[in-house]
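I opened a new notebook page for this structure. My plan was to look things up one at a time and write down what I found.

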Amino acid sequence: MKDFKGLTRSEIINLLKKDGLQSFRGDQIFNWLYQNGAENFSEMTNLSKDLRAELNKRYALTDLQLKQKYESIDGTKKYLWELADGESLESVYLPYERQNRHSVCISTQVGCPLSCSFCATGFSGYVRDLTAAEIVDQVVKIQADISQKEFGTPRISNVVFMGMGEPLLNLNNVLKAVTIMNDSDGLNIGMRKMTISTAGYEPGIRQLAEENDQIGLAVSLHAPTDKLRNKIMPINQKFNLKDLLAAVNEYIDTTHRRVTFEYVLMEDINDDPHLAEKLSRLLKGINCHVNLIPANPVADLSIKRPEQKVIDKFYDILSRNHLSVTLRREMGTDIQAACGQLKRSSQ
Ligand code: SF4
């Protein structure tokens, strides 16, 4: 059964036409899904009863089931969803009230095959890729949950593909989801307000640059040498720093966009001042921004956050070396919703 949640507006219209149904209803159905948050065809009351019955018979609509919701004191919400096959995944809502920004961090795979040493998702293994519909539905469901009087108010403004999984290993479904979420008659989330985060899957960076030059790219770097990065991020054994930075430079040349490098600071692992110097040299001349993220505690993985003075020193070195750098304000740590803390089971 074709799933309408994984189709763009024009694909819905074409499918209806091909199946001998009223194709002009495609726009209405799309609006019901993304401007009203309808969860099933029966809710689409401006369609005739017969058409609704026909839609119910012929097509599916992904509908993630909320298993658990955690709310942080800072307003962050973490959602644990159950998928139709019984698998589960997490996504996070991050309100930045002062900037009037409503961000979601969503997952692209159930589990992850890349096994980064600091990450609860990688620790729990890889199960499968998410469909485009499952990616989109995380945003739709969170939009419904945060909406006050009507669906879409306040409106989700930013999407980061930084939850469970490596987005570039599921790029086709991710880009399909991006197209659906970007539609101005639907969720209307600006292409430039979406960011894909990668652990360094080099062929995916090149493919992204070719296929979509609007969406943002963030690269999880976490180490300035191959020796250290091999330990923290096993993907580096396949695509080393030289390969990775060559792909990043190509991405910048093609898209003319600045890239963000994420660097999770872990005590006694990658927080030494000489590594900050090395990082500065490595990134010199690249049109980039560095986001320092003090590590979050993950049960079972003995990762610790460095002391504040160590974090500050690392920051100062990068800054003194003229890198654009920010220290990420952590949100949702109390509900295990921060970077590297998402997993497939509840807390
Ligand atoms: S950090 Fe990202 S890429 Fe690495 S294991 Fe976790 S989810 Fe996968």
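My entries on domains, their interface, the ligand shell and the backbone follow.

**Entry 1: domains.** I noted at the start that this is a predicted model. I then looked up how the chain divides. The domain assignment gives domain 1 as residues 4-58 and domain 2 as residues 65-335. I took the distance between their centres over C-alpha atoms and got 33 Å.

**Entry 2: the interface.** How many residues of domain 1 are in contact with domain 2? I found 14, and they meet 15 residues of domain 2. Next I wanted a size. I reminded myself that an interface is often sized by the accessible area lost when the parts come together. Here the two domains bury about 1,200 Å² between them. Of that area, 58% is on carbon and sulfur atoms. Which residues of domain 1 lose the most area to domain 2? They are Lys 5, Tyr 34 and Gln 35, with 43% of what that side buries between them.

Entry 3: I counted 4 salt bridges between domain 1 and domain 2. I looked at the salt bridge where the side chains of Lys 5 and Asp 137 meet, with N to O at 2.8 Å.

**Entry 4: the domain 1 side.** I asked which elements give two or more residues to the side of domain 1 that touches domain 2. They are helix 1 (9-18) and helix 2 (25-34). Helix 2 gives the most, with 4 residues. By class, I listed 4 nonpolar, 6 polar and 4 charged residues on this side.

**Entry 5: the ligand.** I turned to the residues around the ligand. Among them are Cys 112, Cys 116 and Cys 119. Leu 114, Ser 115, Phe 118, Thr 121 and Gly 122 are also there. The shell divides into 6 nonpolar and 4 polar residues, with no charged ones.

**Entry 6: the backbone.** Most peptide bonds are trans, and most residues other than glycine have a negative phi. I looked for departures. The bond from Thr 153 to Pro 154 is cis, with omega near -5 degrees. I placed Pro 154 in the loop between helix 5 (132-146) and strand 7 (158-161). Asn 100 has a positive phi, near 55 degrees. I found Asn 100 in the loop between strand 3 (88-96) and strand 4 (101-105).

Terms used. Residues numbered from 1 in each chain as written. Predicted model: local features only at pLDDT ≥ 70, side-chain atom pairs only at ≥ 80, totals over all residues. Heavy atoms only, no water. Near = heavy atom within 4 Å. Nonpolar A, V, L, I, M, F, W, Y, C, P; charged D, E, K, R; others polar. Domains from an automatic or database assignment. Contact = heavy atoms within 4.5 Å. Buried area = accessible area lost by both parts, 1.4 Å probe.
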